[in-house]
Amino acid sequence: MSTHKRVLLLHGPNLQLLGRREPEIYGTTTLDQINEMLRARAADSAIDLIAFQSNHEGDLVDKIGEHFGNIDGVLINPAAYTHTSVAIRDALSALNVPVIEIHLSNVAARESFRHHSFVAPIAVGVIAGFGVNSYRLALDAMIGLLSDGSPH
Ligand code: CA2
């Protein structure tokens, strides 16, 4: 039996466009490149990373539900659903594992409708504003959490 931990990496709507549109806001790295970078880094820490992107709220809720009882943590950039989705928050909360919310941009410095997150209150923490590095920082935080249980 594998002793590897398992982490779910979720990407919300429109993030499939990464690297192809609006590079001045969201950078030039594609979603596949982010997934590959994180998969390699996770593997170095004996973590299997399962990546999934959807433009559909229910598909994200279904994916989270599928992992009840078989996942050790969730990294999620809920994208626009950050600001709208009670369903994604409830699904994540029900998993009972550490969740880290990720944003490429500094949402606090953008339009006021991006200042509220439904997910943040059930997350261990939020990493925003560092572009692609937000994902790397979030994975490093998750590796720390899964090794000693502490976010610090
Ligand atoms: O900064 C982030 O990571 C966001 O989650 C990105 C979301 C936005 O709604 C959130 O407020 C903050 C938007 C994702 C759209 O991704 C695109 C990528 C490339 C081109 C166009 C959109």
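Q: What is the accessible surface of the protein chain, and what share of it belongs to carbon and sulfur atoms?
A: This is a predicted model, in which local features need pLDDT of at least 70, side-chain atom pairs count only at pLDDT 80 or more, and totals for chains, interfaces and linings use all residues. Residues are numbered from 1 along each chain as its sequence is written, and side-chain values use heavy atoms, without hydrogens and water. By the Shrake-Rupley method with a 1.4 Å probe, the accessible surface of the protein chain is about 7600 Å², and the share of carbon and sulfur atoms is 51%.

Q: Which radius of gyration does the protein chain have?
A: The radius is taken over C-alpha atoms, and the globule rule is 2.2 Å times the number of residues to the power 0.38. For 152 residues a compact globule would have a value near 15 Å, and the protein chain agrees with this at 14 Å.

Q: Is H11 buried or exposed?
A: Buried means under 20% relative accessible area, and exposed means over 50%, with partly exposed in between (1.4 Å probe, protein chains only). The relative accessible area of H11 is 1%, so this residue is buried.

Q: Which side chain forms a polar contact with that of H11?
A: H11 lies in strand β1, residues 5-11 (a strand is a DSSP run of E, at least two residues, numbered from the N terminus). A polar contact is a pair of N or O atoms within 3.5 Å; within protein, one must be able to donate a hydrogen and the other to accept it, and residues adjacent in sequence count only if both atoms are side-chain atoms. At 2.8 Å, the partner of H11 is N35.

Note on methods
Helix = DSSP H or I, 4+ residues; strand = E, 2+ residues; numbered from the N terminus.
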